[in-house]
Amino acid sequence: MNLQEMIGLRRRCWYQTGGDAKYFAEPKTLDELEELISWGEAEGLPRFLLGHGSNVLFADEGFDGLVIHTKKLRAVRMIGEGLLEAEAGATLQSLVDHANGKGWQGLESFPAIPGTIGGAVWGNAGACGEEIGDRVSQVRLLEAGSPGQWIDAASLRWGYRCSGIEDRVVAAVRLRLSPGSDPQQLKNRSRELEKKKRSTQPYLLRSCGCIFRNPAGDISAGEWIEKSGLKGTSIGGARISTEHANFIVNEGEARSEDIEKLIEQVQRRVRDLFQVDLVREVIMPGQRGGSR
Ligand SMILES: Cc1cc2nc3c(=O)[nH]c(=O)nc-3n(C[C@H](O)[C@H](O)[C@H](O)COP(=O)(O)OP(=O)(O)OC[C@H]3O[C@@H](n4cnc5c(N)ncnc54)[C@H](O)[C@@H]3O)c2cc1C
């Protein structure tokens, strides 16, 4: 078990903020992953599973527990016509490319989401009105002392940006796609969507994607923020993006605290002006109210 101590988290998440993990590991096999989970539980440590860190805001104080980074668990294989099996750390983009290349319809709406399949399934990532959960047939969930069981996706509680997986660990995922499409058409669709994303979002800046979930109703979180007049507002090195108001970007020297303060300011203002509660989409691990 290759365990490291006091490892900086800022280089391991998209926001590039946050302190150190007390314990940190990058398992190379699913057996190692299971061993780490068992060790962490035996030690009574809080645990955080980290994919690409594209939806995470670590505290400046760091994480007083075990962070398990899945980036080395990235094997992908075809297990049948239209069926892909991927370890949790495989990138969503690599699966989109794989499926498009084979003419397997189903993932072409998910380009340019900078996460792993484990993170995408955990949070039921969405794009263009589609959700990744609709493509998942089975998920292998690990627990301490168990090699992990494949469970049917239908038995999970899928919803808007949630899968019902909660504190369990995604070791691997099986996706069911529809064979028989023209690969070039699928690639063109992905390219178009990626282009749109890059032209309407601060895609190259440090962020976590959308910071709030869209509330019920016809008005998106970004529109509520624009109406509140906060677009462009900054605290320290963090700014509400002028390109897309539902993004808070780190302009270079932001601390996590700056981003948190902006989140709170937006929530307060939108609540005061419109009686709308904006709920965070970004995950804040650690002592600040658990994962959500
Ligand atoms: C520029 C940009 C654009 C984005 N666009 C989109 C978009 O279009 N749609 C969208 O839905 N999201 C989008 N996001 C947000 C983010 O990319 C997704 O939420 C992504 O699925 C997160 O994956 P990750 O591997 O980075 O997860 P992380 O950020 O590392 O973790 C997110 C959550 O998943 C959990 N998790 C990760 N791996 C596992 C595992 N193996 N087992 C159990 N839990 C796990 C973590 O503990 C955490 O709670 C965007 C982000 C950025 C920066």
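**Figure 1. Charges and overall form of the protein chain.** The mean positions of the 38 positive and 40 negative charges of the protein chain lie 4 Å apart in this predicted model. The chain folds into six helices and 14 strands, and its C-alpha trace spans about 50 × 50 × 30 Å along the principal axes. Because a compact globule of 292 residues would have a radius of gyration near 19 Å, the 19 Å found for the protein chain agrees with that form. Of the 292 residues, 50% count as buried, while the chain exposes about 13,600 Å², of which carbon and sulfur atoms supply 44%. Among the contacts with a separation of 6 or more, 62% come from residues 24 or more positions apart.

**Figure 2. The largest nonpolar core.** This core has 29 residues, and those with the most contacts inside it are Leu92, Leu107, Phe110, Ile117, Val139 and Leu175. At least two residues each are supplied by strand E6 (83–87), helix H2 (92–102), helix H3 (117–122), strand E9 (136–143) and strand E11 (169–176), with H2 giving the most, namely four residues. In soluble globular proteins, nonpolar side chains tend to be buried together.

Figure 3. Leaving aside residues up to four places away in sequence, valine 139 touches Val121, Gln149, Trp150, Ile151, Leu156, Ile165, Val170 and Ala172.

Figure 4. Threonine 233 lies between helix H5 (221–227) and strand E12 (234–235), in the loop that links them. When residues up to four places away in sequence are not counted, threonine 233 touches Ala238, Arg239, Ile240, Leu262 and Gln265.

**Figure 5. Asparagine 124, a buried residue with positive phi.** Asparagine 124 is found in the loop between H3 and strand E7 (126–127), and has a positive phi of about 45° although it is not a glycine. Asparagine 124 counts as buried because its relative accessibility is 0%, where the limit for buried is under 20%.

**Figure 6. Glutamine 275, an exposed residue with positive phi.** Glutamine 275 lies in the segment after helix H6 (256–274), and, although it is not a glycine, has a positive phi of about 55°. With a relative accessibility of 61%, glutamine 275 counts as exposed, a class that begins over 50%.

Terms used:
Residues are numbered from 1 along each chain as its sequence is written. This is a predicted model: local features need pLDDT of at least 70, side-chain atom pairs count only at pLDDT 80 or more; totals for chains, interfaces and linings use all residues. Side-chain values use heavy atoms; hydrogens and water are left out. The radius of gyration is taken over C-alpha atoms; the globule rule is 2.2 Å times the number of residues to the power 0.38. Buried means under 20% relative accessible area, exposed over 50%, partly exposed in between (1.4 Å probe, protein chains only). Contact means heavy atoms within 4.5 Å. Accessible areas come from the Shrake-Rupley method with a 1.4 Å probe; for residues, only the protein chains shown count as cover. Lys and Arg count as positive and Asp and Glu as negative; His and the chain ends are not counted. The place of a charge is taken as NZ of Lys, CZ of Arg, CG of Asp or CD of Glu. A nonpolar core is a set of buried Ala, Val, Leu, Ile, Met, Phe, Trp, Tyr and Cys residues joined through side-chain atoms within 4.5 Å.
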